[in-house]
Amino acid sequence: MILQQAFNGLALGMAYALIAVGYSLVFGILRLVNFSHGSVYAFGAHMVILFVSYHFGLAPAIILGVVLTGLLGILIDKMALSPLRKKNSPGISSLITTIGISYIIQNLLMMAFGSEKKTFPELFPSKMITIAGAQVSSMQIVMFIASVILLLVLTLLVKFTKIGLAMRSVEQSEKIASLMGINTNFIIAFTFFLGGASAAIASILISGYYQIVYPTMGFVVGLKAFAAAVLGGIGLFHGSIVGGLVIGVAEAIAASLFGSAYRDSVAFIILILVLVIRPAGLFGKKGIEKV
Amino acid sequence: MKKIVSLFLVLVVSISLLSGCASTKESSQDGPLKIAVAFPMTGDNAEYGKSFLLAAQIKVDEWNENGGVLGREVELVSYDDKNSGDEAASIAQKIVSDPEIIGVLGHFASGVSMVAAPTYNENKYIEISNTASHPDYSSIGDYIFRNNSVISSEFGVIEDVLVNDLKLSKVGVVAIKTDWGTTAGDIAADIFGNNPSLTLVGREDVLEGSDDYSLAIAKLKEAGAEAVIGVGMYSLLAPLAKQYKAVDPEIQVIGLSNAYAQQLIELGGEAAEGIIFPVSFYADSTDPAVRKFVDTYTEEFGSEPSALAAQAYDSIGILLEAVKQNGSTDRESLRDTLNAISYPGITGETQFDEIGDASKEYTKLVVKDGKFIRFSDVSGK
Amino acid sequence: MEHFTGKFNLEELVYKYRYPLGAVFLLLLLGLPYLGLSQYVMRIIIMIGIYTMLALGLNILTGYTGLVSLGHSGFFAIGAYVTAILMLKLQIHFIPAAFIAMIITGICGLLLGLPTLRLTGTYLSIVTLGFAEIVKMIIMNWEPVTNGTLGLRNIPRPSFFGIDLTLANHGMYYFMLILLFLITFLCIAIKKSKLGRALHAIKENELAASMMGIYTARYKILAFILSAVITGLAGGYYATLVSYIDHNSFTFDVSILILSIVILGGMGTIRGMFFGSILLIVFPEIARPLMEWRFVVYGLVLIFMMRFRPQGLLGWRTTLPFQVPVNAQERQKRSGKHGISRS
């Protein structure tokens, strides 16, 4: 029972971790909390079911969905966030703007697709595997592997490629980066594209597991994923993964001890405790700017 | 430029406020007879509001084709309560300031209905809710009616299924954490707790907005549940069945009539097979009245009507029938007529008891081969 | 029509006529119930009043001090629930009940203010968001006290000298007006006091403020407490007005609506709170056909305001004398015909 709940918690946490990576990516480069990430996540899943309903086939629909969601990320930046950066607005303006974006996307989705829960196609037939007496779905294992791959790819991209170097220099100073001949506009657009695409990948994997899609699907999960990102140290990919897993397991513990109704508050309690006790998160370095 | 824009906005607001003042009350006897329909038309529960409005409209169209009621045409006025108490309270005020409205079909959530109900009752406007299930709802006043199944009688049917048909004893309950779910969960715990041949092995309340029930399932499975009752709409029951059957294929999933919707099968897929629940309305029934409604509805909406939509259709029918029998729109006598009426609708013979609750008869349905069929056809009873 | 001959300046206009404008506004408010408005319109006006109170409360935090709270629905809920529970279970009169509710929300404000010692900006906003979610969770799960998801019903209306205040006898309206005036005067007093200047200094530059000898942590916590107390009072009034509350009345959307009012009206201004709540509460009522677009419009409001007019519709880089001492030169300019020229 305990082992089973621990596995369930890890599986839940994997979903949070997948989404949290997107928060970390955008925050790591631009020091921006992208509140619209949750609704971008819902957008990704809806694009896939839209293309599937037009008989594109599952694989092309997924690719199109990921690319379109990435483009949505760029659009958000160009329309709303980049003007704020040019005006040097305080960080809180961007946060409020992303809340506004989140409302718009969520409600447009609701108007276009309706508020009811819709079926998401199964990615592949899922089986239950028994590991040490606990049952785990093969889809959950795939989710785990996928998030580790996503983590590795993003880490390698940021740490070892030329574009990653450019991203890190933009993080240090956009002005100096542009003086060094880096096309900062492109780099920022690229970051938002990656952020959107990672949200779409997360939503496809998670919807593939639960097979449910609806416009508000990203709200609660998005907040929990944000808590996960903060817990691990926002801006750090491995921190997001560990943070997600910790929150998932904590939820499992709360559900076992107090009942399912208490489980949703766990993430928020952890979030507040971390922010008060150690704002830099588990892996963050001290002195990280808290704005 | 911006300042002109802001000045313009000030103007717009003041004009709009004043125009609100200008409306005057006029009552006429030959204009259309109005019925208000107040449901969430936007937001998370918009699917229900839209579906009920359509169902109500179909009934009204039927009456209008036959010349309306008392020689007057019937007209629906739709309001969006956004499923919020605030909004419902202000809509209720708006409705009761229109003397041509004779009654209200609404609101969706029990909590919301209960905010608005005192206003209707004070002003003698009849409110019929096709969804409210809070036990205290219908006792708010004489003008407040409920055309929805009373949960305790539904659980009575489930009890019968468990004990007599399936011969299962260990039951788990997964209830959605809303006013409705909590009430239903309490009633279930009470009924199953008092039946010596049943054991309630666990009850888990789950929050809206989360689709993962694995933690609750693991607990119930550990406790040895043989049957699990999903207290919620199809959106809870389908994923619950799917996730439970993944870890325990033998589990018997049971739902309530509120979960009876085509989406249950679409969302649940194979896992929906074998789900049993009591309904007062059965869309595949051969009854011509049911067929007529189902066909018109499906044509317009794209999917089959749920039990709740059928209750919305019947509620309008009952109200109009009462107006017809009453012979006038006098509010007090209309209420008495409504209390006395026995209406043969598509959700069975409906009659209101003294506090305004409808008594219903139930059919047991089971999902088989992607279709809802009568349980008696399968079990041979 | 001389104002339109030169450069049109709303600020000058409002400032010049602030007393007559204020008097007209006041008379209009007092006389409103006698204009023969329907109960429906009166109810909307009362809702505007409640949201103005809420916005004034958030304004102390967001407008004066520059701390953005995304969790004011939490304080709103605590105020409403404490008042309702005291009135229902202990049969206490509204005034002491609301007073206790204010104390409790104040304590919650203090607790939530403590993280400000370490956090600023976005992080703080996220903490407040988490706070509101936790409050909602407590309301849903603490059934013996809050009645869980079933909510609290039959919350009595306040009564004075044996007269029950209702919508019909306009008692609730005038009671709202009294509370609103009290809160407005409190806000004006805060703004004009040393406290107000200290908060403003923190908003503009926290480092500089602490260099000037302002104990910033203490003032920020004080701002949190004041903001929470006002919001709690509005919550208490709301509970008696609607007579039924459950957790659905206090969602994230409510927090965002309050924030939108503050932003739209003009952060740090008082007139802006009235104007913002009139706009955002009336808009959905007159735009019934646009119902579905409501939240999209809220979103657009947030985005456009942030981009084009972060100071709000009625906000301007303030030149009001009590905030920043006006030097002789500026005074000279104000007496000129075409208003204040700003760089």
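Start with chain B and select its two domains, whose C-alpha centres lie 29 Å apart. Domain 1 of chain B covers 33-149 + 288-359 and domain 2 covers 151-279, with bounds that come from an automatic or database domain assignment. The model is a predicted one, in which local features need pLDDT of at least 70 and side-chain atom pairs count only at pLDDT 80 or more, while totals for chains, interfaces and linings use all residues. Residues are numbered from 1 along each chain as its sequence is written, and chains are lettered from A and ligands numbered from 1 in the order in which they are written.

**Between the domains of chain B**

Select the residues where these domains meet: 12 from domain 1 of chain B and 12 from domain 2 of chain B. Contact here requires that the C-beta atoms of two residues, placed from the backbone, lie within 7 Å. On the domain 1 side, colour α4 (110-122) and α11 (307-326) of chain B, each of which supplies at least two residues. Helices (H or I, at least four residues) and strands (E, at least two) are DSSP runs, numbered from the N terminus. This side of domain 1 of chain B has four nonpolar, seven polar and one charged residues. Nonpolar means Ala, Val, Leu, Ile, Met, Phe, Trp, Tyr, Cys and Pro; charged means Asp, Glu, Lys and Arg; the others, Gly among them, are polar.

**From chain B to chain A**

Next, show chain A beside chain B. Their contact takes 26 residues from chain A and 27 residues from chain B. On chain A, select α1 (2-30), β3 (134-137), α9 (217-232), α10 (237-258) and α11 (263-277), each supplying at least two residues of the side that touches chain B. The largest share, four residues, belongs to α1(A). By class, this side of chain A holds 10 nonpolar, 12 polar and four charged residues.

**From chain A to chain C**

Now bring in chain C, where 31 residues are in contact with 33 residues of chain A. Three helices of chain C, α7 (121-141), α13 (252-265) and α15 (294-308), each give at least two residues to the side that touches chain A. The side of chain C that touches chain A divides into 20 nonpolar, seven polar and four charged residues.

**Inside chain C**
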